[in-house]
Amino acid sequence: MYALVDRGTLVSDDLVNQMVADRLSQPDTRRGYILDGFPRTLNQATWLDAQLAADPTTLPVVAISIVVDYDHLLRRITGRRICPSGHIYNTYSNPPAVPGICDEDGTALVQRPDDSEAVFVERMKTFESQTAPVVEHYRNQGRFEEIDGDQPVEQVTAAIEAALKRLRATKN
């Protein structure tokens, strides 16, 4: 599975659906949950809708897409550098004081294999071919909103909260 992720390709719908089903069966999801990056395909979306419809106490999915300019997103991904201790930098927007060295512990920073431009380009192609139909699926049902992700974090957060309130108020 990690080889697929490193290349930027998606794991099979069946495997991902099973992982989501297992996770959603846990008691801590009863009050709600956020699915970040799922569903990514129309098959996953229709599977999820059917799963949730089977339980009359469960609300249907509402979907929010955080939209970021292509070039900004490319810099966020390809500029990411990670310290083995977990500190995260970006060579464009949050560089370390010494290039390639963690400010906190002095260790060498690494770039994940899936943070290359080639993998990014493949991810974007996959998004257009497989995920864009999910957007339309939920948009057509009135359960979708887009948020401008090029804003400061606080504004993005506030926009997400407002969108969730609006989407839930429509009593899907």
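In the predicted model, the buried residues of helix α3 are Gln-44, Ala-45, Leu-48, Asp-49 and Leu-52, where buried denotes under 20% relative accessible area with a 1.4 Å probe and protein chains only. These residues cover an arc of only 135° around the axis, which places them on the same side of α3, the arc being that of the directions from the helix axis to the C-beta atoms. Helices are DSSP runs (H or I, at least four residues), numbered from the N terminus. The cover over the buried residues of α3 includes α2 (13–24) and α5 (117–140), with contact taken as heavy atoms within 4.5 Å.

Helix α3 comprises twelve residues (42–53), which at 1.5 Å a residue should span 16 Å, and its end C-alpha atoms are 16 Å apart, in agreement with that value; the expected span is 1.5 Å times one less than the number of residues.

The largest nonpolar core holds 14 residues, of which Val-16, Val-20, Phe-38, Leu-48, Val-61, Tyr-138 and Phe-144 touch the most other members. Such a core is a set of buried Ala, Val, Leu, Ile, Met, Phe, Trp, Tyr and Cys residues joined through side-chain atoms within 4.5 Å. Not counting residues up to four places away in sequence, Val-16 touches Val-11, Phe-38 and Gln-44.

His-137 lies in α5 and, at 16% relative accessibility, counts as buried. With residues up to four places away in sequence not counted, His-137 touches Leu-42, Ala-45, Thr-46 and Asp-49.

Residues are numbered from 1 along each chain as its sequence is written, and side-chain values use heavy atoms, with hydrogens and water left out. As this is a predicted model, local features need pLDDT of at least 70 and side-chain atom pairs count only at pLDDT 80 or more, whereas totals for chains, interfaces and linings use all residues.

Conventions: Helix = DSSP H or I, 4+ residues; strand = E, 2+ residues; numbered from the N terminus. Buried < 20%, exposed > 50% of the residue type's maximum accessible area, 1.4 Å probe, protein only.
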